[in-house]
Amino acid sequence: MANLLLGQTLGYSSDPFYDGPAAATIERRGAVLVDGGRIQAVGTADDLRAAHPQAQVHDYGEALISPGFIDAHIHYPQTAMIASWGKRLIDWLNSYTFPEEMRLEDPAYAQAVAGTCMDLMLDHGTTTVASYCTVAPQSVTALFEAAQARGMRVLGGKTCMDRNAPEGLRDTAQSAYDQSKALLEQWHGTDRISYVITPRFAPTSTPEQLEALGSLWAEHPSCLMQTHISEQHEEIAWVKELFPEARDYLDVYERFGLLGAGGLYGHAIYLTERERARIRETGAALVHCPTSNTFIGSGLFDMAGLKAEGQRIGLATDIGGGSNFSMLRTMAAAYEIGQLRGTALHPSYLWWLATAGSAQALGLGDTIGRLAPGYEADLNVVDLASTPVIAQRHAQAKDFWEALFPTIMMGDDRAIRATWVGGKPR
Ligand SMILES: [Zn+2]
């Protein structure tokens with residue numbers, strides 16, 4: 001049966017970074033008609049009620065109906081160690097991340113963590129994630145089964161590491177290739193699942209492993225490939241030591257066939273001019289993880305400069321380097337980093353990044369992330385006056401963006417009134 005959701009609606013016809021806030025369409029008394037897992041129509045409440053009298057009505061009043069948030073880079077295995085104190089990247093990995101990832105060797109623990117993580121995501125209005133798993137294939141199975149059980153669109157892959165990681169978290173060039181290939185063949189394109197080839201980052205793979213994964217990607221070009229790049233200075237220096245023949249960090253990936261339009265590069269804070277030009281030429285996507293970048297003390301992503309040169313950019317929490325599951329808090333951190341770099345990012349940019357922008361980065365710009373007929377019906381309903389402090393600020397707002405911004409800056413899971421996944425209310 002068709003469902004008709006009533007509330008304020010926010011849709012985008014194009015990228016507001018290029019076309020300004022006018023790229024957004026706001027309907028104060030709007031409606032979204034959902035049937036068969038997809039959005040069938042978007043319009044005014046009056047028009048769609050009249051045209052679809054049989055539809056079941058869900059009236060959310062003045063709450064905002066938005067595409068569900070899309071978190072373009074997380075590590076679900078790090079759910080239980082979020083907010084671990086006091087380290088920079090390499091020590092943080094060794095002290096906190098690797099011991100916790102080791103625990104997901106146990107399939108029952110992996111299932112429990114994957115279930116917890118997906119539930120927390122939905123609680124926060126996030127309907128799709130692109131996740132790293134651990135080196136253990138059963139951690140990938142756990143993620144995909146958890147998402148499948150909840151009807152979620154999900155992207156993920158086995159994290160490959162064959163050096164500079166503890167014994168229990170290392171594979172080899174050959175086993176990384178074989179296990180990734182087996183998982184890819186089993187899962188890629190099943191239900192709403194996409195496999196992502198996942199070398200953690202250059203320092204934890206030998207040249208042989210990077211080469212094997214480059215070959216796998218060439219054999220399966222419909223898969224995305226995700227990895228990290230240029231997050232901290234110490235890391236960049238380490239990459240230079242490990243790969244002295246490479247021109248720069250990006251060139252390590254390019255040499256082994258790991259640069260292309262389906263590539264997702266997390267962090268990308270300290271890119272050189274050459275790297276930026278090459279990423280743009282190849283059409284690869286960057287993923288900004290602002291709460292992680294401040295939490296681990298990494299640095300300030302150049303959103304305004306990278307968008308101005310035409311880069312594709314998604315937004316992400318980077319759980320558990322990131323410090324919050326909420327894409328609202330993540331938008332706020334992106335705003336704060338923008339301010340520290342001298343650019344105040346308009347709320348229309350921030351909301352776009354968390355929805356259509358991330359969808360585009362994941363190659364799903366025609367499938368999710370927009371309120372438009374034919375798109376998959378993953379939605380969230382956001383209360384724009386969810387706490388006393390937000391409500392009293394919201395009451396003073398003179399226009400839609402001023403009404404939305406307090407929720408971006410101060411909102412969290414309490415603002416998420418409902419989440420719809422694949423056309424069904426959760
Ligand atoms: Zn990460």
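**View 1. Aromatic pairs across the predicted model.** Searching the whole structure turns up 11 aromatic pairs; here, Phe, Tyr and Trp rings (the six-membered ring for Trp) pair if their centres lie within 6.5 Å, with planes under 30 degrees apart called stacked, over 60 edge-to-face and the rest tilted. One of them is F17 with Y349, a tilted pair at 4.3 Å centre to centre and 35 degrees between the planes. This pair links distant parts of the chain, 332 residues apart: F17 sits in helix α1 (residues 16–19) and Y349 in helix α14. Both residues are buried (under 20% relative accessible area, with a 1.4 Å probe and protein chains only). Ring pairs also bring W352 into a cluster with F17 and Y349.

The model is predicted: local features need pLDDT of at least 70 and side-chain atom pairs pLDDT 80 or more, while totals for chains, interfaces and linings use all residues. Residues are numbered from 1 along each chain as its sequence is written, and side-chain values use heavy atoms, leaving out hydrogens and water.

**View 2. The pair F400 and W401.** Ring centres lie 4.9 Å apart with planes at 75 degrees, so F400 and W401 are edge-to-face. F400 is buried at 4% relative accessibility, and W401 is buried at 12%.

View 3. Seven strands run in the order β3-β2-β1-β4-β14-β15-β16 with mixed pairing; strands (DSSP E runs of at least two residues; helices are H or I runs of at least four) pair if DSSP finds at least two bridges between them. β3 (38–44) and β16 (424–425) each have a single partner strand, so one side of each lacks a neighbour in the sheet. Antiparallel β15 (residues 416–421) and β16 are joined by two bridges, and V421 has K424 of β16 as its bridge partner.

Definitions and conventions
Buried means under 20% relative accessible area, exposed over 50%, partly exposed in between (1.4 Å probe, protein chains only).
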